Amino acid sequence: MYDQLKTTFAAYRAGISQSFSLAEQGRRDELTKLLLIDMKTVVDGSGKQLNDLADLFAKQVAAESQKSEAHYEASRMIVSEALQTITESVHQIHERNLVIASAAEEQAQVAREVDRNLVNIRDLSVRSAAGADQTSASSHELSQLANSLRTMVQRFQV
């Protein structure tokens with residue numbers, strides 16, 4: 001296609017060179033006839049070549065359009081698959097978050113129970129300490145009474 005266009009332009013240039021030669025020689029009738037023939041040849045050849053060139057460009061545009069549509073469809077499929085993967089991943093993350101939330105709630109319940117038990121142990125420890133203090137005081141009083149009693153008993157000894 002492009003080679004034909006180049007050939008036509010080369011023929012046109014050759015015709016122009018021949019026209020200048022005839023003009024220099026003063027052969028006006030031959031020059032006019034040659035120019036008319038050359039113009040008709042160029043116009044006829046250029047028209048056909050321009051039609052062929054237009055057809056070629058139309059085919060290339062159609063092929064590019066098909067390629068673009070194919071690329072668009074391929075891109076759409078890739079994006080669709082990526083969105084599907086993202087959706088599945090989000091669902092999995094959501095499920096894991098539910099499991100984590102459930103485990104965290106269970107741990108919070110266990111922590112509250114441990115806290116209650118520690119408070120109970122502390123209360124029992126306080127009561128035990130108070131009981132131990134009372135027992136110690138009572139033991140001390142009992143010891144004093146025992147010493148007083150021994151002293152009294154020793155007075156009555158014969």
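1. Helices in this note are DSSP runs of H or I that hold at least four residues, and they are numbered from the N terminus.

2. The model discussed here is a predicted one. Its protein chain holds two helices and zero strands, and helix α2 covers residues 28-155.

3. A reader new to the structure may want to know how the chain is covered. Of the 158 residues in the protein chain, 7% count as buried, while the accessible surface of the chain comes to about 13,600 Å². Carbon and sulfur atoms account for 60% of that surface.

4. Turning to charged side chains, opposite charges can pair when their charged atoms come close. In this model the count of salt bridges comes to three, and each is taken up below.

5. The side chains of Arg76 and Glu73 join in a salt bridge, with 2.7 Å from N to O. Arg76 has a relative accessibility of 39% and therefore counts as partly exposed. Glu73 has a relative accessible area of 34%, so this residue is also partly exposed.

6. A salt bridge also links the side chains of Arg112 and Glu105, at 3.4 Å from N to O. Because its relative accessibility is 42%, Arg112 counts as partly exposed, and Glu105, at 40% relative accessibility, likewise counts as partly exposed.

7. The side chains of Arg122 and Asp123 meet in a salt bridge as well, with an N to O distance of 3.2 Å. For Asp123 the relative accessible area is 29%, which lies between the 20% limit for buried and the 50% limit for exposed, and so Asp123 is partly exposed.

Note on methods:
Residues numbered from 1 in each chain as written. Predicted model: local features only at pLDDT ≥ 70, side-chain atom pairs only at ≥ 80, totals over all residues. Heavy atoms only, no water. Buried < 20%, exposed > 50% of the residue type's maximum accessible area, 1.4 Å probe, protein only. Areas by Shrake-Rupley, 256 points an atom, 1.4 Å probe, with all protein chains shown as cover. Salt bridge = Lys/Arg side-chain N within 4 Å of Asp/Glu carboxyl O.
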